[in-house]
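Trainee: Could you take me through one part of this model closely, and then on to what lies around the aromatic rings? Please keep the cut-offs in view.

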Amino acid sequence: MEANLFEDVNINIMTKTVVIGLDGSNWPLIQQWINQDDLPNFAKLQSSSKSGISRSRLPPVTCPNWKCYATGKNPGKLGVYWWERIDTENQTMHLPDSTDFDSPEIWDYLNDQGQDAGVINLPMSYPPRDIDEFMIAGGPRSREKNYTKPENLEADIEDRFDYRVHPENVLTSNEDADAEVEMVYDLLRTRLRTAQTLLEERDLDFLHVTLFHLNVLQHYFWDGEPVRRAWERIDENLGRFLDAGHDVLVMSDH
């Protein structure tokens, strides 16, 4: 019988639990900024709770690692190993999306125990599916339409937060790099603002939000100034979750 990380776990959430997924992040990268007091809320979280290095599943990439976290299963059990599935015999290529995953995820177990959950921007979650309360699908497989469950949430977050899923031309190493860096900052800010507002408005027990474009920024600048500024913006928003008294977990996929 196949084991599952979440089987027989009695999930009893008394306070709001917030998981902030930081795609491609790691302590060695940000520790220098923590030590320099550039990230006071990360420093606070690190000093007042448990922290450490966790090993990514192989291959150590966004797909399928966020689904490994959500399901408690490795890529072999999920049947998805990479962004593409190439059939050399038939010379075809399949691009996996959420329909290629059929394992229950942590929010399903929470729902089974009467807990409300919201998921924002989890990679490989398009097309979205129904959970209690909502799912806002994440890129890069997502489209800019039909990316929320319930469906009417899409117009609401676009109207109030100018929400976008995975816009084109995000960092293309051209003469518009400065404007594209600002676009990444705006995407990060929008994700967190949406998460903070929906968490309170819908009185969720559990919220997950992934900041995927942080990893895009690091691909181009690694420990440069644009990345440091992005982390400062994330740190400021992290402080709002901490000040509200929520149980906060920050984690990375690889």
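**A covered helix and the aromatic pairs**

Mentor: Start with helix H3, where the buried residues are Thr62, Cys63, Pro64, Asn65, Trp66, Lys67, Cys68, Tyr69, Ala70 and Thr71. Buried means under 20% relative accessible area; exposed is over 50%, and partly exposed lies in between (1.4 Å probe, protein chains only). H3 is mostly covered, with ten of its ten residues buried. Helices are DSSP runs of H or I with at least four residues, strands are runs of E with at least two, and both are numbered from the N terminus. Just after H3, glycine 72 has a positive phi of about 80°.

This is a predicted model: local features need pLDDT of at least 70, side-chain atom pairs count only at pLDDT 80 or more, and totals for chains, interfaces and linings use all residues. Residues are numbered from 1 along each chain as its sequence is written, and side-chain values use heavy atoms, leaving out hydrogens and water.

Now the rings. Rings of Phe, Tyr and Trp (its six-membered ring) pair if their centres lie within 6.5 Å; planes under 30 degrees apart are stacked, over 60 edge-to-face, the rest tilted. By this rule there are five aromatic pairs. Phenylalanine 42 and tryptophan 231 have ring centres 5.4 Å apart and planes at 70°, so they pair edge-to-face. Phenylalanine 42 belongs to helix H2 (residues 40-48) and tryptophan 231 to helix H9, so the pair ties together parts 189 residues apart in sequence. Phenylalanine 42 is buried at 2% relative accessibility. Tryptophan 231 is buried too, at 1%.

Ring pairs link Trp66, Tyr69, Trp107 and Phe206 into a cluster.

Lysine 67 places its charged end over the ring of phenylalanine 101, 5.1 Å from the centre. The rule here is NZ of Lys or CZ of Arg within 6 Å of the ring centre and within 35 degrees of the ring normal. Arginine 233 does likewise over tyrosine 185, at 4.1 Å from the ring centre.

Finally, H9 again. The axes of H1 (residues 27-35) and H9 (residues 225-243) come within 11 Å and cross at roughly 75°. Axes are lines fitted to C-alpha atoms, for helices over the stretch in contact, with angles from 0 to 180 degrees between N-to-C directions. Leu29, Ile30 and Trp33 of H1 meet Val227, Arg228 and Trp231 of H9, contact meaning heavy atoms within 4.5 Å.
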